[in-house]
Amino acid sequence: MAAACIFCKIIRGEIPSMKIFESDKTLAFLDIGPLSKGHSLIIPKYHGAKLHDIPDDQLAEVLSVTKRIAIAQGVQDYNILQNNGRIAHQEVDHVHFHLIPKPNEEEGLG
Ligand code: 5GP
Ligand code: ZN
């Protein structure tokens, strides 16, 4: 845990979030600035800024949860995005996977 980290604060409940899933190792919640309806963030509870800072077992569960949320949402088309470093557009220095549903035209942009 890092005292000043926004996502660690969400894990501790110090900042409110719309939680989708929680386990001992993993938390998933809706992105505050969604790129599409249902855009979620899946994070390890272990604090690390970049992918290579996170233990394998934590990463394995995060990816498994990401897959299960996609199944539960019923989305057929989606992007998984994971940024590392400012040049790569990372804003929050706590590893997170974006799950961004891509609705079809009938469903609109969400
Ligand atoms: P990054 O650019 O670091 O990959 O993405 C960070 C994401 O975190 C952005 O999509 C942004 O909307 C989201 N975000 C930043 N602060 C908060 C917050 O306090 N709550 C939630 N739910 N999402 C946040
Ligand atoms: Zn953190």
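Here is a friendly conversation about how the strands and some residues of this predicted model get their labels.

User: Why is Leu-99 called buried?

Analyst: A residue counts as buried if 20 or more other C-beta atoms lie within 10 Å of its own. Leu-99 has 24 other C-beta atoms within 10 Å, so it is buried.

User: Where does Leu-99 sit, and which residues does it touch?

Analyst: Leu-99 belongs to strand 5, residues 97-101. Setting aside residues up to four places away in sequence, Leu-99 touches Ser-40, Ile-42, Thr-66, Ile-69, Ala-70, Tyr-78 and Ile-80. Take Ile-42: 57 residues separate Leu-99 and Ile-42 in sequence, yet their C-alpha atoms are 7.6 Å apart in space.

User: What makes strand 3 and strand 5 a pair?

Analyst: Two strands pair if there are at least two bridges between them. Strand 3 (residues 40-44) and strand 5 are joined by three bridges, and they run antiparallel. Here are the partners: Ser-40 is bridged to Leu-99, Leu-41 has His-98 as its bridge partner, and Ile-42 stands opposite Phe-97.

User: How do you know that strand 1 and strand 2 pair as well?

Analyst: The same test works, with at least two bridges needed. Strand 1 and strand 2 are joined by three bridges and run antiparallel. As an example, Glu-22 stands opposite Leu-27 in strand 2. These two strands form a hairpin, with three residues between them.

User: How many bridges join the other neighbours, strand 2 to strand 3 and strand 4 to strand 5?

Analyst: Five bridges join strand 2 to strand 3, and four join strand 4 to strand 5. Both pairs run antiparallel. You can look for Phe-29 opposite Leu-41 in strand 3, and for Asn-79 with its bridge partner Ile-100 in strand 5.

User: In what order do the strands lie in the sheet?

Analyst: The five strands form an open sheet in the order 1-2-3-5-4, with antiparallel pairing.

User: What makes strand 1 and strand 4 edge strands?

Analyst: Strand 1 (19-22) and strand 4 (78-81) each pair on one side only, and that makes them the edge strands. On average, neighbouring strands of this sheet are turned by 15° against each other, direction ignored.

User: Which helix lies across these strands?

Analyst: That is helix 2, residues 56-73, which lies across strand 1, strand 2 (26-30), strand 3, strand 4 and strand 5. Helix 2 runs at about 155° to strand 3.

User: Why is strand 3 described as largely enclosed?

Analyst: Five of the five residues of strand 3 are buried, so the strand is largely enclosed by the rest of the structure. In a regular strand, side chains alternate between the two faces of the sheet. For strand 3, Ser-40, Ile-42 and Pro-44 are on one side, Leu-41 and Ile-43 are on the other, and all of these are buried. Both faces of strand 3 are therefore covered.

User: Why is strand 2 also called largely enclosed?

Analyst: Four of the five residues of strand 2 are buried, so strand 2 too is largely enclosed by the rest of the structure.

User: Which face of strand 5 is covered and which is uncovered?

Analyst: Phe-97, Leu-99 and Pro-101 make up the covered face of strand 5, while His-98 and Ile-100 make up the uncovered one.

User: How do you know whether His-96 is buried or exposed?

Analyst: His-96 has 22, so it is buried. His-96 lies in the loop between strand 4 and strand 5. Leaving out neighbours within four places in sequence, its contacts are Phe-7, Leu-41, Ile-42 and Ile-43. An unreviewed UniProt entry gives the annotation "active site" for His-96.

Terms used: Residues numbered from 1 in each chain as written. Chains lettered and ligands numbered in written order. Predicted model: local features only at pLDDT ≥ 70, side-chain atom pairs only at ≥ 80, totals over all residues. Buried ≥ 20, exposed ≤ 12 C-beta atoms within 10 Å, placed from the backbone. Contact = placed C-beta atoms within 7 Å. Axes fitted to C-alpha atoms, helices over the stretch in contact; angles between N-to-C directions. UniProt positions renumbered as here; feature names shortened; annotations may be inferred.
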